[in-house]
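Please view the sequence and the structure before reading on.

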Amino acid sequence: MFSGKAVKRALALFLFSAFGALQAQQIDLLIQNGHVFDPKNKLDTILDVAIANGKIHQVANHIAVKNAKKTVDATGMYVCPGLIDIHTHVFVGSTPGVFADGIYSLSPDDFTFRAGITTVVDAGTSGWRNFQKFKKQVIDQSKTRVLAFLNIAGWGMTGDSLQQDVSTMDVSKAIGMVEKHPDVIVGMKIGHFEKKTWEPFERALQVVSDTDRPLFVECHLPQYSLEDQLDRMRPGDIITHSFENISERRPVVDTTGNVLPMVFEARKKGILFDVGHGGAGFWFNQAIPALEQGFWPNTFGTDLHRFSMNAGMKDMLNVMSKYLNMGMPLKEVLLRGSWNPAKAIQREDLGNLSIGADADIVLLSVKEGKFGYVDAAGNRINGNRKLEAELTLRAGKVVWDLNGLTATLFQR
Ligand SMILES: [Zn+2]
């Protein structure tokens with residue numbers, strides 16, 4: 001006779017193994033033998049990664065193949081969290097000559113996955129007046145996770161007098177929009193404002209203070225001194241176009257080639273510096289001395305738009321490859337591609353391979369050869385390494401597969 005206790009134990013064991021078997025069958029994709037680099041979880045070694053139901057299911061030394069519906073051999077590749085580009089313009093629409101709802105913005109999925117990106121943050125292309133249109137038209141239509149810094153200008157980047165109209169910069173309306181979409185709007189953006197008043201800056205700061213989010217400062221605004229801007233920014237706020245060198249803005253490296261002390265001071269205070277490459281925002285004569293003097297960007301925001309992608313910027317992996325060839329160690333480059341931007345936008349659920357997280361993953365290879373990298377001034381550096389996205393997964397789905405790693409080999 002079995003005691004009641006023994007029966008219970010047998011039943012528990014049976015349920016446990018049945019559950020185990022169920023668990024074991026759930027692996028949709030098994031990535032084997034890749035070099036997993038996940039700074040949040042301090043993983044930096046050869047491991048297997050199992051994906052089930054769109055989530056990270058297991059990360060371990062060796063995961064049994066028999067439990068996987070499909071396997072990918074990632075030998076020689078880096079397995080990283082999907083890249084996060086915190087500076088893009090993706091409110092694409094049909095309006096000629098503008099970014100907001102216009103043709104200068106880009107459709108995210110067309111440009112992200114091939115560069116290993118699974119999340120973008122739109123940098124204030126919309127404001128509180130047209131954010132919902134942006135959401136309906138682009139965010140809800142994209143497989144890329146699209147987040148947003150809301151522009152303090154109500155109509156976003158219209159490029160005309162509307163963008164300069166302080167009366168559209170309504171603090172309570174902007175707060176209302178953030179509160180309505182708290183999981184999409186990650187902060188506020190101030191930029192492209194040409195008048196003398198600090199009013200837009202102050203209003204944007206008020207919104208982010210009330211909603212506990214970072215302020216994204218696009219441009220060292222020409223009418224404000226860099227010093228005054230950095231002074232007003234709070235720890236965790238982000239300044240972009242960090243290595244720009246154009247006449248109307250003050251560069252971070254002075255004419256003798258030294259990084260300005262106030263820039264180091266701002267970093268010490270906790271201000272984050274984004275690359276914001278764009279069409280004009282990245283100059284080797286700033287970025288290389290800054291790198292040599294230990295002033296490294298926190299994130300590789302690209303300032304993706306119609307013009308930058310066809311010039312020196314190209315895509316985020318190209319910007320990351322530039323830094324690799326400028327001398328930044330690979331692991332530092334990869335850190336700035338996913339985990340750093342996740343922290344910058346206060347979304348620590350992203351940019352990592354924690355069990356249960358969305359399976360946003362990129363398999364990267366480092367190609368060797370002769371490559372050229374161009375800045376906004378038309379200067380080139382030569383390099384011998386280039387990062388390439390072999391496979392991109394968004395919530396466990398294959399969204400980019402350069403060499404058909406997940407495809408079936410054709411046989412006659
Ligand atoms: Zn921009």
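The model is predicted, so local features need pLDDT of at least 70 and side-chain atom pairs count only at pLDDT 80 or more, whereas totals for chains, interfaces and linings use all residues. Residues are numbered from 1 along each chain as its sequence is written, and side-chain values use heavy atoms, with hydrogens and water left out.

Helices (H or I, at least four residues) and strands (E, at least two) are DSSP runs numbered from the N terminus.

**Domains and their interface**

The domain assignment, whose bounds come from an automatic or database source, divides the chain as follows: domain 1 comprises 4–80 + 359–365 + 388–401, and domain 2 comprises 81–344. Their contact (heavy atoms within 4.5 Å) takes 19 residues from domain 1 and 19 residues from domain 2. The C-alpha centres of the two domains lie 34 Å apart. Between them they bury about 1,600 Å², 73% of it on carbon and sulfur atoms; this buried area is the accessible area (1.4 Å probe) that two parts lose on being put together, summed over both.

Two salt bridges, each a side-chain nitrogen of Lys or Arg within 4 Å of a carboxyl oxygen of Asp or Glu, are found across the interface of domain 1 and domain 2. On the side of domain 1 that touches domain 2, β1 (29–38), β5 (78–81), β14 (361–374), β15 and β16 (397–401) each supply at least two residues, and the largest share, five residues, comes from β15.

**E390 in strand β15**

E390 lies in strand β15 (residues 380–394). Because its relative accessible area is 4%, E390 counts as buried, a class that means under 20%, with exposed over 50% and partly exposed in between (1.4 Å probe, protein chains only). Beyond its neighbours within four places in sequence, E390 is in contact with residues including M77, L363, K367, W400 and L405.

| Side-chain pair | Polar contact distance |
|---|---|
| E390 and S365 | 2.9 Å |
| E390 and N403 | 2.9 Å |

Methods
Polar contact = N/O pair within 3.5 Å; in protein donor to acceptor, adjacent residues only side chain to side chain.
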